[in-house]
Amino acid sequence: IKTEMISHQRYFPVHKSDNPDQLLPNFLSVSNGDPQFSTQIAQGNSRVLRARLWDGRFFYKEDRKQSLASFLPKLAQVTFQDQLGSVAQRVERICLLAGAIAGCLNCSQADRERIDRTALLAKADLTTQVVKEFTELQGIMGYYYAQADGEDPLVALGIREHYQPTFAGDQLPTTLMGQVVALADKADLVASLFAIGQIPTGSSDPYALRRALLGIIQIVWHSHWRLRLDQIFMLANGVLQTQLPQCFSSASINNADNLVSTAPTHQHHEELVRFYIQRLKGLLTDQEQIDYDLVDAVLTAGFDPLGSEWDLTGVLERTRLLQTMRANGTLAQVYETVNRVMRLGSGAKLAPEILKPHDHVDPNLFESPVEQTLYDLVATPQVPEPQDVLARMQASVLPVTQFFDAVLVMAEDPQVRVNRLNLLGILRNQYRILADFGPIVMGGT
């Protein structure tokens, strides 16, 4: 009723003052006609609205003659995009992708079944008569029809929520079903259109891919999931590869269980990577108010040596921590020490995942007690959380300063030189779990 009033007729609905959720059988309209004909104008507006509401009532009753699930076969006759097939094929991809994401999140069997059902029914209302007439009610009518069919309330709500967020500042999905299916829906949209070269340019973004990607990031942050952008799109590409094998270079994938261990890429993959990094940077600087150099420090730190590269929640936590460190002065206290270790440690040529010194540093080659002190610090086990890395940085300031004062890193003896470089290289790798300090701009540096 309100959609008809607002979107189609530009009328204002009226609610009860003591119950804002209850509509009154009245509306307001604005007219630039002759005031002496106000009564006739109001009656004319009423007749138009009454006819439209009778149409809506007829469409609704016709839709309710069958279940929501019975509309699914009709999706095969609706084209999503010429190269990407029908909406039914897209639903198939969303179902597979939602199942794979649920697996990554270790969802319970009951939740997986609800997610599967939500993904299956999410687009079913697109062929209903009400949604054909009122396209802005997609998802909303699916919610009401699912409720009327006796579907699980969480499934019904997930159908409604899976389109969220639809605009800047919009609500995010509140149910696990809505969150997972929304993530699958938006990831498939972005991955599939990039795969066929439909890439946003300038202000042209007909499929709203920027909004979809921002929605993905916001949902993951809101849900505190340990998911990576590259992981999400690896899953989406894996599903898409079954329908568009010509766009991909890796081996084919037969089921959702295999998606996590494969990394199919298409010819526009690098453009997709740049696209999502730009959106991520934009959210961090504009929405989270993180300084640009701190964002660069986290995003250029390379792949996390503990296997959580591009963990979206981790990226948010790390940038927030750096911003706090800058605000309270901690960054200035550790910057010189950390930056020096970063520069010299890069000469060790150690892979980023090497975090322990035991196989790469020989204590028998130490020539000063300060080397053993630094070795003991580096060898101490740590939990790879941002706060733990910060604690390691603060604890290392004095030992590192004493190390540089007491020994010459670039010693003439090649074994001693490599040993010292490796010690610094491992400490550098530990620092880089938080960030690469190279891009950070400090006063006077």
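Predicted model: local features only at pLDDT ≥ 70, side-chain atom pairs only at ≥ 80, totals over all residues.

Let's begin with the cysteines. A disulfide is a covalent bond between the sulfur atoms of two cysteines. How many disulfides does the count come to here? The count is 0. To be counted, a pair of cysteine sulfur atoms has to be within 2.5 Å. Take Cys 95: the closest cysteine sulfur belongs to Cys 107 and sits 15 Å away, so that gap is too far for a bond. Turn to Cys 107 itself, and the closest cysteine sulfur is the one in Cys 104, at 9.5 Å, which is again too far for a bond.

Two packed helices are described by the angle between their axes and the distance between the axes. Helix H11 covers residues 269-287 and helix H12 covers residues 292-299; their axes come within 10 Å and cross at roughly 140 degrees. Angles over 145 degrees would count as roughly antiparallel, and at roughly 140 degrees H11 and H12 are therefore oblique to each other. Their crossing is right-handed. Which residues make the contact? From H11 come Ile 277, Leu 280, Lys 281, Leu 284 and Thr 285, and from H12 come Tyr 292, Val 295, Asp 296 and Leu 299. Sorted by class, that contact of H11 with H12 has 6 nonpolar residues, 1 polar and 2 charged.

Now for the backbone. Most residues other than glycine have a negative phi, and most peptide bonds are trans. Where does the model depart from that? One place is the peptide bond from Gln 164 to Pro 165, which is cis, with omega near -10 degrees. You'll find Pro 165 in the loop between helix H7 (153-161) and helix H8 (176-195).

Arg 10 is not a glycine, yet its phi is positive, near 60 degrees. Look for Arg 10 in the loop between helix H1 (2-8) and strand E1 (12-16), where Arg 10 is exposed, with a relative accessible area of 60%. Lys 349 also has a positive phi, about 60 degrees, without being a glycine. Lys 349 lies in the loop between helix H14 (330-345) and helix H15 (369-379), and Lys 349 is exposed, at 73% relative accessible area.

Technical notes. Residues numbered from 1 in each chain as written. Heavy atoms only, no water. Axes fitted to C-alpha atoms, helices over the stretch in contact; angles between N-to-C directions. Helix = DSSP H or I, 4+ residues; strand = E, 2+ residues; numbered from the N terminus. Parallel < 35°, antiparallel > 145°, perpendicular 65-115°, else oblique. Left-handed = near helix turned anticlockwise from the far one by under 90°. Contact = heavy atoms within 4.5 Å. Nonpolar A, V, L, I, M, F, W, Y, C, P; charged D, E, K, R; others polar. Buried < 20%, exposed > 50% of the residue type's maximum accessible area, 1.4 Å probe, protein only.
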